[in-house]
Amino acid sequence: MRVLLKASFDTQRSSEMLRSGKLPQMMEALMERTRPEATYFTVDHGRRTMYLFFDMTDSSDMPSIAEPLFSEMGASIDYTPVMDFDDLQTGLAKLS
């Protein structure tokens, strides 16, 4: 299932990760783990925020993906199922 992972990082902890040089390695590991379709970085409500779109093949992967973000970055995380246009068309066709 395609999901959106929204992670908002604690500013102090993410700044420490940036200063220590650990942030790039953590992000690379996350990208290797999830193989995202798209990833965006921005600021939301004054916090560094990442939007990661990827295919989650098993919901039991949720803890292993989120835990490094929780423990290292003090992240607040939301998982949301999402569809692309093709998925929407398939879903709408099932309504008939």
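**The chain and one serine**

Mentor: The chain has four helices and four strands, where helices (H or I, at least four residues) and strands (E, at least two) are DSSP runs numbered from the N terminus. This is a predicted model: local features need pLDDT of at least 70, side-chain atom pairs count only at pLDDT 80 or more, and totals for chains, interfaces and linings use all residues. Residues are numbered from 1 along each chain as its sequence is written, and side-chain values use heavy atoms, with hydrogens and water left out.

Trainee: In what order do the elements run from the N terminus on?
Mentor: They go β-α-α-β-β-α-β-α.

Trainee: And what box do the C-alpha atoms fill?
Mentor: Roughly 55 × 25 × 15 Å, taken along the principal axes.

Trainee: Let's switch to Ser 8. Where is its place?
Mentor: Ser 8 sits in strand β1, which covers residues 2–9.

Trainee: Why does Ser 8 count as buried?
Mentor: Because its relative accessibility is 10%; buried means under 20% relative accessible area, with a 1.4 Å probe and protein chains only.

Trainee: Which residues does Ser 8 touch?
Mentor: Leaving out residues up to four places away in sequence, Ser 8 touches Arg 47, Arg 48, Thr 49, Gly 74, Ala 75 and Ser 76. Contact here means heavy atoms within 4.5 Å.

Trainee: Back to the whole chain: what share of residues counts as buried?
Mentor: 30% of the 96 residues.

Trainee: And what about contacts between residues at least 6 apart in sequence?
Mentor: Of those, 66% join residues at least 24 apart.

Note on methods
Buried < 20%, exposed > 50% of the residue type's maximum accessible area, 1.4 Å probe, protein only.
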